[in-house]
Amino acid sequence: TPRVAHAWFCPFRNLLDMDTFSKSDPGGWQGRAGDTAWHGMARQPSSAPLSTVVVLFVQGSGSSEWKEFGRTEVIDNTLNPDFVRKFVLDYYFEEKQNLRFDLLEPHSAVLGAQDFLGQAFVALGEVIGSQRGRLERALTGVPGKRCGTILLLAEELSNCRDIVTMQLCANKLDKKDFFGKSDPFLVFYRSNEDGTFTICHKTEVVKNTLNPVWQPFTIPVRALCNGDYDRTVKIDVYDWDRDGSHDFIGEFATSYRELSRAQSQFTVYEVVLNPRKKCKKKKYVNSGTVTLLSFSVESEFTFVDYIRGGTQLNFTVAIDFTASNGMPSQPTSLHYASPYQLSAYALALKAVGEIIQDYDSDKLFPAYGFGAKLPPDGKISHQFPLNNNADNPSCAGIEGVLESYLQSLRTVQLYGPTNFAPIINQVAGAAAQVTDGSQYHVLLIITDGVISDMLQTKEAIVTASALPMSIIIVGVGPAEFEAMEELDGDEVRVSFRGRYAERDIVQFVPFRDYVDDSGNQVLSMARLAKDVLAEIPEQLLSYMKTRDIKPRRADP
């Protein structure tokens, strides 16, 4: 499901001045042809103005082709333009969504007829994963010139995610029944763009009273006003009749914004008849009053809310170094990397890691191996650091993890058995240190075979399910992976000695399902990443919800 991102790409700073002998510097410096303005203030042209437009290009998942998505308005006369036009994109956490921004000085609508002022490449995940959804990137593309910077801002289209709970009562409503009092209920209507109204809620009927108190009820904001806080909400008051011919008592109008003020004070509305009917009764004042007793709003927080609030995804890698993979130097080995193609292990690591790294500010990833004999004494280890540094097992970026992985293949002896529990428990230990929602751990295990410590692994997963962490398992090679499917927990929740996992935190996929017969490796790995990462946002949200952790408010 797309998490719709409202991407607002606006300011550029210190742009490349393409107009020869046309700019004067407020501080006294005279610009020349090709000079870059680095003052951080607008340069006003003395003759031909600098006009700028930004063209956004998007790259499809697994594709190398760039397609134009849209353009901003043209802004004249400044080297520091702030663009107003926004681009609305569907955001998918599990995909690498590459964007390209070309800054042009337009002479016509034809791209080739415009001066090129620079460009910036970025992934949408980088913008959303940056502090406060705000990312600054240098413009490049003009050899030997500094082209200025672009500032990218992203926010989620989210005002329709709120849920309202309110309670109302009425006082001295008109009596409509010949015998007894009225049986009142309320009908809420949302106004439409064309002036018509659509019913959006009915309260229960309160029998035989002119002073009813209705039960609290809950309604999504989008149903009440379609996200427009000032849109009219009309409320009709009826007296219920068994035959369905309910008697109209009166009506009143309000808005979401007006209703929301009741969070701090009671709001009383006069119930009135249709104005035409009102005129026939000279002494008519109203048909009673309705009081809003309470009004509260709860937000359905999203993955983006937590990322923008500062939640960091901590990515850890664990790679299977058991002997069943085959000798790394042999082409039949699952660890074999030819000069022309990465191994299945390396491909899976890159596919997943290159997306997750956008949400980790320091880009340092702990990386471990398991199931190998280590030099010099041949001791078997199930959680050895790939960089051979037990005090600091973190590698710089995904490329650093790959480099350490290849180096380990040359120094350790592949052995066994295939134990998952030690590395799961190690990451769970780190996750247990910070449980306030500011950190969430994702463990990627890449393996070729059957688990040797199934019971211990189940116990570790049940324990980890109460912590801020998720586990991704990619199975490489031709082995059967029934045990992995059991750990996945989609059908039956993982349990250990009668204790069930709090949440489903494991996602398993077999690598062979993503080998493209056409040889399109890029597309295959994009599909792999999409499937293994698709559940991470919901798993993070399930942890936050069970712990009642709300996202931190991003600084304005």
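1. Being four residues apart in helix 6, Lys350 and Glu354 are separated by about one helical turn. Helices here are DSSP runs of H or I with at least four residues, strands are runs of E with at least two, and both are numbered from the N terminus. The two side chains meet in a salt bridge, 2.8 Å from N to O. A salt bridge means a side-chain nitrogen of Lys or Arg within 4 Å of a carboxyl oxygen of Asp or Glu.

2. This is a predicted model, where local features need pLDDT of at least 70, side-chain atom pairs count only at pLDDT 80 or more, and totals for chains, interfaces and linings use all residues. Residues are numbered from 1 along each chain as its sequence is written, and side-chain values use heavy atoms, leaving out hydrogens and water.

3. Lys350 is partly exposed at 22% relative accessibility, and Glu354 is partly exposed at 29%. Buried means under 20% relative accessible area, exposed means over 50%, and partly exposed lies in between (1.4 Å probe, protein chains only).

4. Glu486 forms a salt bridge with Lys458, with the closest N and O atoms 2.4 Å apart. Glu486 lies in helix 10 (residues 482-488) and Lys458 in helix 9 (residues 454-464), so the pair ties together parts 28 residues apart in sequence. Glu486 is partly exposed at 41%, whereas Lys458 is buried at 16%.

5. Salt bridges that share partners join Lys350, Glu354 and Glu399 into one network. The count by this rule comes to 14 salt bridges.
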